[in-house]
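Me: I've got a model open and want to see how some of its labels hold up. Can we go through them one by one?

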Amino acid sequence: METIIRKYLAHGAVGLKPFENVPNNSVYSFESDGEGYIFKLFRSKYWPENDKLQFVNETLRQHNIPCAGLIVFTRDDPAYPNGYLIEQKIEGVTADKIRFTQEQETAFYKKLAVLVSAFHEIPLKGFGYIGNGEGGEDSMEAFFEDEFDERVESLEETGVYTAEELRNMKEILMDAFRRFDDLPPVLCHGDLSKKNVMVQDSGALVLIDWDDAMGYNWMADISRFTFWMKMTYSESEYPLFRKAFLDSYRGARKEEFDDFEKAYHIYNALDNLVYAINVGDEKMTAFTKEYLKQFV
């Protein structure tokens, strides 16, 4: 790795150290000439898509949205066929590691909403995967028609749900896409959560880890976020922090967000259930099954 790093940073790597508990890739931090950097080895040669991270980084910079500077992303090295990246390290602490008071957490979500609004105002061409900066589908419904089936196929095969139950849940989701098909594709982070928000010493927020960036409507990105909040907070905290975020967020048809969110949470829950079963997370499995009872 140090030989690779020296190709792009003349001073090489000092203090190369792995991050713990990173499920999808191998990630390391290091310094070079007094500056902090991240080195990431990807475990899949298909994800993230080729050219996506370069596109996202350039687009965010064009719109003056803070992000980690990308040094290189490549899959051209035969020693690392799945690819790697080197990027500048954003200094600070991820929000999930900060013990906020309720007042501080409310303020955090208001500030985060302003940041998320900014990149949701960046238009894209087409919905879905954005390896070349453009999604391949004209609508959310068209993209998820096959995506839904592929994600939940194992749930039918293992008998968790019947084909009819999955069809019913899918139709609720597709109906929401049809009713909100006027919402345009925008740049979406794809994995909004406190673990991907860096809080700097100045109090500024910077979103990290754009590997899951997609072309969706804004409601899909926020719905995934609120589903994560639902899994994380108590029944009294969840509506308080959700409201703080939504009150400060800018978005078309925001007054109808609840309708879309309820439908999209079906997809979030099913996707989450597949993951939870695969990794043996019994608590997460129980939570998502309980949530989905209302739609079965």
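Me: Which residues of α7 are buried?

Reply: This is a predicted model, by the way. In α7 the buried ones are Y238, F241, R242, A244, F245 and L246. Among the elements covering them are α3 (102-120), α6 (218-232) and α8 (257-279).

Me: How do you know that the span of helix α7 agrees with what it should be?

Reply: Helix α7 has twelve residues, 237-248, and at 1.5 Å a residue these should span 16 Å. The end C-alpha atoms are 17 Å apart, so that agrees.

Me: Why is the aromatic pair of F108 and Y109 called edge-to-face?

Reply: The angle between the planes is 70°, and over 60 counts as edge-to-face. The centres are 5.0 Å apart, and the pairing cut-off is within 6.5 Å.

Me: What makes F108 and Y109 count as buried?

Reply: Buried means under 20% relative accessible area. F108 has 5%, so F108 is buried. Y109 has 0%, so Y109 is buried too.

Me: Why is the pair of F143 and Y216 called tilted?

Reply: Their planes are 55° apart, with 6.1 Å centre to centre. Under 30 degrees would be stacked and over 60 edge-to-face, so 55° lands in tilted. F143 lies in helix α4 and Y216 in strand β10, so the pair ties together parts 73 residues apart in sequence. Both F143 and Y216 are buried, and both belong to a cluster linked by ring pairs, which also includes W47 and Y267.

Notes
Residues numbered from 1 in each chain as written. Predicted model: local features only at pLDDT ≥ 70, side-chain atom pairs only at ≥ 80, totals over all residues. Heavy atoms only, no water. Helix = DSSP H or I, 4+ residues; strand = E, 2+ residues; numbered from the N terminus. Expected span 1.5 Å × (residues − 1). Buried < 20%, exposed > 50% of the residue type's maximum accessible area, 1.4 Å probe, protein only. Contact = heavy atoms within 4.5 Å. Phe/Tyr/Trp six-rings, centres within 6.5 Å; stacked < 30°, edge-to-face > 60°.
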